[in-house]
Amino acid sequence: MKAIETFYNGYKFRSRIEARWAYVFDLLGIKYEYEKEGYELPSGFYLPDFWLPDLKRWIEIKGVPPNTLEDKLA
């Protein structure tokens, strides 16, 4: 299934599920930054979905279980 780009809160999300999580973070009062920073890893480039600055945590949103490459990148 192809992801549906969605605009919310000034961001253009790559998928509707990411936008839904942004909405949940807003409801809970959790500050977030979307695709803040990417990393070049030995296994390839990795761009986490959300940075939660107050919690100092990266969050990756997946609609389905990650594949082997995604596991390796994470």
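## Basis of the model

The structure is predicted, and local features need pLDDT of at least 70, side-chain atom pairs count only at pLDDT 80 or more, and totals for chains, interfaces and linings use all residues. Residues are numbered from 1 along each chain as its sequence is written, and side-chain values use heavy atoms, with hydrogens and water left out.

## Overall architecture

The protein has 2 helices and 7 strands, where helices (H or I, at least four residues) and strands (E, at least two) are DSSP runs numbered from the N terminus. Along the sequence these elements follow the pattern β-β-α-β-β-β-β-β-α. The C-alpha trace spans about 35 × 30 × 20 Å along its principal axes.

Of the 74 residues, 24% count as buried; buried means under 20% relative accessible area, exposed over 50%, and partly exposed in between (1.4 Å probe, protein chains only). Among contacts (heavy atoms within 4.5 Å) with a separation of 6 or more, 23% are between residues 24 or more positions apart.

An open sheet is formed by 3 strands in the order E3-E6-E7, with antiparallel pairing. Its edge strands are E3 (33–34) and E7 (57–59), each of which pairs on one side only. Two strands pair if DSSP finds at least two bridges between them. Strand E3 is joined to strand E6 (residues 50–52) by 2 bridges, and Glu33 has Trp51 as its bridge partner in E6.

Helix H1 (residues 16–28) lies across E3, E6 and E7 and runs at about 15 degrees to E6. For such angles, axes are lines fitted to C-alpha atoms, for helices over the stretch in contact, and angles run from 0 to 180 degrees between N-to-C directions.

## Pockets

On a 1 Å grid over the protein atoms alone, a pocket is an open set of points where a 1.4 Å probe fits, with protein on both sides within 12 Å along at least five of seven lines; lining residues have an atom within 4 Å of a point. Grid points are joined across faces, edges and corners, and a volume is the space filled by probe spheres set on the points. The largest pocket has a volume of about 530 Å³. Of its 21 lining residues, Ala3, Ser15, Ile17, Lys62 and Gly63 are the closest to the centre. Helix H1 gives the most to this lining, with 4 residues. By class, the lining of the largest pocket holds 8 nonpolar, 3 polar and 10 charged residues; Ala, Val, Leu, Ile, Met, Phe, Trp, Tyr, Cys and Pro count as nonpolar, Asp, Glu, Lys and Arg as charged, and the others, Gly among them, as polar.

The second largest pocket contains about 190 Å³ of space. It is lined by 11 residues, of which Tyr46, Glu60, Lys62, Glu70 and Leu73 are the closest to its centre. Strand E5 (44–46) and helix H2 (68–73) are the elements that give two or more residues to this lining, and H2 gives the most, with 3 residues. The lining of the second largest pocket divides into 6 nonpolar, no polar and 5 charged residues.

Ser15 is found in the loop between strand E2 (11–13) and H1. This residue counts as buried because its relative accessibility is 12%. Leaving aside neighbours within four places in sequence, Ser15 is in contact with Ala3, Ile4 and Thr6.

Lys36 is placed in the loop between E3 and strand E4 (39–41). With a relative accessible area of 41%, Lys36 is partly exposed. Residues up to four places away in sequence not counted, Lys36 touches Trp51 and Trp58. The C-alpha atoms of Lys36 and Tyr46 are separated by 11 Å, the two being 10 residues apart along the chain.
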